[in-house]
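The sequence and structure come first, and the report follows.

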Amino acid sequence: MRDEAHSPQTDIRYPIKGIPSAGEVREVAPGISWIRMPLPFKLNHVNLWLLDDGDGWTVVDTGIASHETEEAWREILAKGAAGKPLKRMIVTHFHPDHVGFAGWLARHCGAELWMPFGEWAFARMRSVERGNRVLDGFQHFYRTAGFDPGLMKLVEGRSKDYARRITPVPRAVRPIVDGEVIPVGGRAWRVIMGAGHAFEHASLHCEELRILISADQILPQITPNISVGPYVPEADPLRLYLASLDKFRALAGDTLVLPGHRRPFTGLHARLEELAHHHDRRLEETWAACARPRTGLGVLRYLFDRELDDHQVFFAIGESLAHLHFLLARGRMERRVSADGVYLFQRKDAETDRR
Ligand SMILES: [Zn+2]
């Protein structure tokens, strides 16, 4: 009950009725349509946004590489796009469900790729790097996080997942930067760069329409994954994430938010409060978990008391480490290396100080 009082759930509304089926283009505001692409995960869809761009279309995000995505795109391009070409893709970040189909669209439609430079470079690097050194890095990272032999068996597949889920990332990019105003069909869309979920995550805000395309920076119902992973093993992404939420507090209260997953919603400010509150609670739980020394995996098991599938376990370990690193950086946690090379986290409090 106390959580309910804290959490202004009632301020969040879902004004758009229904959900588009695969291959359907559904208008949600003048010149803005919602496309929902399938994903092969428990979170089974990603939202793309088609913007009327005068003599053509601009799409925000592209979908993951799969036959289902290709089928849906073929249908949209054949009948759904009102005879106008797809001119441009604005991709918000490097995750495969967002950039995965950009290569195919560039090849088939000649659409230009606009994307934050770091996101593009990271996506391109990950799509071309191969071999044992990648696997070595992944194995080292998950071993230090305390993965047991059963989980270590999943790591090789994980190290190859990214390249499997994207079509070749286009070789050329038009970089987009924080604060840049991108004209689309006579309307101004301002880039708001976030961090924490990805290194340079682009959201797009149209003040005239009071619409924010938030992609994965701000989601309703589920919290964006904030993860530490093998490429930046000492990162503190939660600090970056919480700091970048401040940028969205200045937007109008009645902004319609178009997220990367789930449904369009209003109540941005209430959602920002909920997200910050969620991480506060998680930080306290993480601290409580480490009354005795625990590995990253031990903290994961403490925080997530439900069954996780092979895909979710990587999100969950990344998330657990993100909360541990946040506390570590603020002196509320200590970390040491065990005799077998695993990181052990223990909270710092009056009791451990006395020992
Ligand atoms: Zn993402």
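The axes of H9 and H11 cross at roughly 80° and come within 9 Å of each other. Here axes are lines fitted to C-alpha atoms, for helices over the stretch in contact, and angles run from 0 to 180 degrees between N-to-C directions. H9 and H11 are therefore roughly perpendicular to each other. Angles of 65 to 115 degrees count as roughly perpendicular, under 35 as roughly parallel, over 145 as roughly antiparallel and the rest as oblique. On the H9 side the contact is made by Arg282, Leu283, Thr286 and Trp287, and on the H11 side by His323, Leu324, Phe326 and Leu327. Two residues are in contact if their C-beta atoms, placed from the backbone, lie within 7 Å.

This is a predicted model, in which local features need pLDDT of at least 70 and side-chain atom pairs count only at pLDDT 80 or more, while totals for chains, interfaces and linings use all residues. Residues are numbered from 1 along each chain as its sequence is written. Helices (H or I, at least four residues) and strands (E, at least two) are DSSP runs, numbered from the N terminus.

**Helix pairs**

H11 also packs against H8. The axes of H8 and H11 come within 7 Å and cross at roughly 90°, and H8 and H11 are therefore roughly perpendicular to each other. Pro237, Leu238 and Arg239 of H8 meet Ala322, His323, Phe326 and Ala329 of H11.

H9 packs with helix H10 (residues 296-303) at an angle of about 120°, their axes being 10 Å apart. H9 and H10 are therefore oblique to each other. Their crossing is right-handed; a crossing is right-handed if the near helix is turned clockwise from the far one by less than a right angle, and left-handed if anticlockwise. Arg282, Glu285, Thr286 and Ala289 of H9 make the contact with Val299, Tyr302 and Leu303 of H10.

| Helix pair | Angle | Axis distance |
|---|---|---|
| H9 and H10 | about 120° | 10 Å |
| H9 and H11 | roughly 80° | within 9 Å |
| H8 and H11 | roughly 90° | within 7 Å |

Helix H8 (residues 237-249) has 13 residues, which at 1.5 Å a residue should span 18 Å; its end C-alpha atoms are 19 Å apart, which agrees. The expected span is 1.5 Å times one less than the number of residues. Which residues of H8 are buried? They are Pro237, Leu238, Tyr241, Ser244 and Phe248. Seen down the axis of H8, these buried residues fall within an arc of 130°, so they line one face of the helix. The arc is that of the directions from the helix axis to the C-beta atoms. An α-helix has 3.6 residues a turn, so residues three or four places apart point the same way. On the other side of H8, Ala243, Asp246 and Arg249 are exposed. A residue is buried if 20 or more other C-beta atoms lie within 10 Å of its own, exposed if 12 or fewer, and partly exposed in between, with C-beta atoms placed from the backbone. The cover over the buried residues of H8 includes strand S9 (187-194), helix H9 (268-289) and helix H11 (312-329).

Glu119, Trp120, Phe122, Ala123 and Ser127 are the buried residues of H5. They cover an arc of only 165° around the axis, which puts them on the same side of H5. Helix H3 (96-99), strand S6 (112-115) and helix H7 (149-164) are included in what covers them.

**Single residues**

Ala215, in strand S11 (residues 211-215), has a phi near 50°, a positive value in a residue other than glycine. Ala215 counts as buried, with 31 C-beta neighbours inside 10 Å. Gln221, in the loop between S11 and H8, also has a positive phi, near 65°. Gln221 is partly exposed, with 13 other C-beta atoms within 10 Å.

Lys42 lies in the loop between strand S2 (32-38) and strand S3 (45-52). Lys42 is exposed, with 9 other C-beta atoms within 10 Å. Neighbours within four places in sequence aside, Lys42 is in contact with Asp309 and Gln312.
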